[in-house]
Each structure stands twice: as C-alpha cells, then as structure tokens.
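The tour goes stop by stop.

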Amino acid sequence: MSSRRRRKVIAGNWKMNMTPGAAKELITDIYSKVKGKKGCDVVVCVPYVDIPTVAQVVKGTIIKVGAQNVHFADKGAYTGEISASMLKECGVQYVIIGHSERRQYFGETDETVNLRTKAALDAGLTAIVCVGELLSERESGITAEVVSRQTKLALQNVPAEQMANVIIAYEPVWAIGTGKTATNEEADEVCGIIRSVVSQKYGKQVGKQLIVQYGGSMNAKNAAGLLAMENIDGGLIGGASLKAEDFNVIVEAAQ
Ligand code: PGA
C-alpha cells in the first residue's frame with residue numbers, strides 16, 4: 001500500500017492560547033476558510049475551557065475537536081485533571097498525549113504517556129502521541145534510539161485492534177516554536193523509523209496504515225514540502241494554527 005492510501009491529518013495545537021471569546025472568533029474564521037476541503041482530516045486541539053464553544057461551532061462540519069491532554073483515571077480524587085469520558089461527552093474525538101512541553105514542564109514520563117494513551121483509546125478517542133528528540137540527542141546521533149524508545153513505551157500493552165486510533169506525531173523538540181524545521185528528508189527519515197517500530201511490533205499492515213505526523217514549526221511556507229514526503233501523513237501545528245489563513249494554506253497543502 002502506498003502512502004496515498006493513508007489519509008492526511010492536519011491538527012492545530014492551540015496550546016494555552018485563546019479565551020473562549022477569542023476561540024469562537026478564530027474557529028469561525030478557520031471554518032469559513034477550510035469548509036469544503038474534504039481531502040484531509042482537520043482537527044483543532046484547544047484548551048479545555050474552549051471545548052464547548054469550539055464544539056458547537058464545528059458541529060456537523062469537517063473540523064473535529066481535540067484536547068491537549070487527558071488523565072488516565074476515569075474519575076476520582078485528581079484535582080485539576082480531566083478524564084477521557086468528560087472529553088467525550090463534550091464532543092472531543094482526538095487528544096494530544098505526551099507533548100514535549102508536558103514532558104519538559106509538567107513531569108510527563110514515558111510511563112504516564114502510556115497510561116494516558118491507553119485511557120484515551122479505551123474511551124474511543126484518537127490519541128495523537130508525541131515523540132521527539134532534544135537537540136543534544138540529535139547532536140549525539142541518538143535520534144533513532146530516542147524516538148524508537150518513546151514510541152515503544154507509549155504503546156506498551158496497546159492491542160493491535162486499537163492502533164487505528166493511534167497517530168504518532170514526530171516533533172523534534174528543537175524545532176518546536178523555534179522557527180527551525182527539520183528538513184523534509186530529516187523529518188521523513190524519522191517518521192519512517194517510527195513506522196518501522198510499529199511494523200515490527202504489530203506487523204506490516206498496521207505499520208503501513210499508521211498515520212505519522214510531523215510537528216515543529218510547520219507553517220504555510222514549508223508544509224507542502226513536508227507533506228509530500230512518503231512517511232509524513234500530516235502535521236501537528238502550533239503557532240501557525242492560530243492564524244486562520246496560514247492554517248488554511250496548510251490544510252490546502254494536504255489535499
Ligand atoms: P509549533 O508547535 O508549530 O509552534 O512549532 C508545534 C507543536 O508544539 O505541536
């Protein structure tokens with residue numbers, strides 16, 4: 001099967017931006033631009049408090065709503081946390097797990113990434129699991145090792161039947177929010193490594209069908225080149241997803 005059989009998924013990661021009022025304006029603007037573009041899946045991963053507003057605006061459209069994290073318990077004494085069933089009831093279909101900012105600033109580990117991934121999948125959410133190397137790791141030549149390890153640990157005890165609901169986002173940490181992008185070839189190579197890790201664990205067919213996104217300063221200018229690569233099936237987009245016009249250009253590049 002060629003990559004052409006895999007759908008592309010363009011996901012915006014709004015991070016900690018947009019109050020509900022601002023979110024309503026932005027999502028309305030994004031919808032007016034991307035409507036009718038059915039050639040890829042479009043997701044916006046928004047702050048929890050924006051979910052109801054955004055879900056209402058995109059209801060019945062091609063845009064799907066995502067969250068930026070999920071707790072692994074379904075309910076209980078976990079002050080400040082949000083469970084998968086809460087997200088589901090609010091209309092969320094996707095959730096980012098293990099973003100490098102969560103690993104760096106909030107103590108997220110490979111183990112908690114795995115727990116969150118399993119909770120999300122058990123609830124029927126699609127998990128966008130983030131992996132990626134630090135600059136020092138790339139410079140020491142251990143990118144493949146780091147990314148393979150993160151991928152394997154994130155997927156521990158995830159059964160093959162749930163892999164259709166897993167997306168892996170390759171996000172080199174040095175490229176996030178820095179304006180530095182991996183070259184098309186660098187990004188494609190690592191996305192290919194991730195695909196082969198999944199193929200080794202689950203078999204070739206699952207590997208071939210796996211959606212692997214690239215993230216890290218993807219923008220209106222570089223998206224087409226990255227998205228044309230064999231192993232890159234979409235993007236996880238931070239900064240450029242906050243500008244409706246730029247996000248729309250990226251969605252167009254994925255058609
Ligand atoms: P960026 O963020 O596009 O602003 O680099 C990507 C991400 O962190 O998901």
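Which kind of contact do the side chains of Arg-103 and Asp-110 make? Select both: they meet in a salt bridge, 2.8 Å from N to O. The term covers a side-chain nitrogen of Lys or Arg within 4 Å of a carboxyl oxygen of Asp or Glu. Arg-103 and Asp-110 are both buried. Buried means under 20% relative accessible area, exposed over 50%, and partly exposed in between, with a 1.4 Å probe and protein chains only.

A word on the ground rules. This is a predicted model, in which local features need pLDDT of at least 70 and side-chain atom pairs count only at pLDDT 80 or more, while totals for chains, interfaces and linings use all residues. Residues are numbered from 1 along each chain as its sequence is written, and side-chain values use heavy atoms, leaving out hydrogens and water.

The salt-bridge count is twelve. Select Glu-252 and Lys-37 next. Their closest N and O atoms are 3.1 Å apart, a salt bridge. Glu-252 sits in helix H11 (residues 244-253), and Lys-37 in the loop between helix H1 (20-34) and strand S2 (41-45), 215 residues apart. Helices (H or I, at least four residues) and strands (E, at least two) are DSSP runs, numbered from the N terminus. Glu-252 is partly exposed at 41% relative accessible area, whereas Lys-37 is buried at 15%.

Now pick Asp-233 and Arg-195. Their side chains form a salt bridge, 2.9 Å from N to O. This pair also links distant parts of the chain: Asp-233 lies in the loop between helix H10 (223-227) and strand S8 (234-237), Arg-195 in helix H8 (residues 184-202), 38 residues apart. Both are buried. Then show Glu-81, Arg-102, Glu-108 and Arg-116, which salt bridges with shared partners join into one network.

With Lys-15, Met-16, Gln-68 and Phe-106, Arg-102 is among the residues closest to the centre of the largest pocket, which 19 residues line. A pocket is found on a 1 Å grid over the protein atoms alone: an open set of points where a 1.4 Å probe fits, with protein on both sides within 12 Å along at least five of seven lines; lining residues have an atom within 4 Å of a point. The largest pocket holds about 550 Å³; a volume is the space filled by probe spheres set on the points, which are joined across faces, edges and corners. Color helix H4 (residues 100-105): this helix gives the most to the lining, five residues.

Move to the second largest pocket, at about 230 Å³. Its lining has 15 residues, with Arg-7, Met-163, Ala-164, Gln-209 and Leu-210 nearest the centre. Strand S6 (166-170) and helix H9 (204-209) each supply at least two of the lining residues.

**Helix H1**

Which residues of H1 are buried? Select Ala-23, Leu-26, Ile-27, Ile-30 and Val-34. Look down the helix axis: these buried residues fall within an arc of 95°, so they line one face of H1. The arc is that of the directions from the helix axis to the C-beta atoms.

**Positive phi**

Last, two loop residues. Asn-157, in the loop between helix H7 (143-154) and S6, has a phi near 60°, positive in a residue other than glycine. Asn-157 is exposed, at 64% relative accessible area. Ser-217, in the loop between strand S7 (211-215) and H10, has a positive phi of about 55° and is not a glycine. Ser-217 counts as buried, at 17%.
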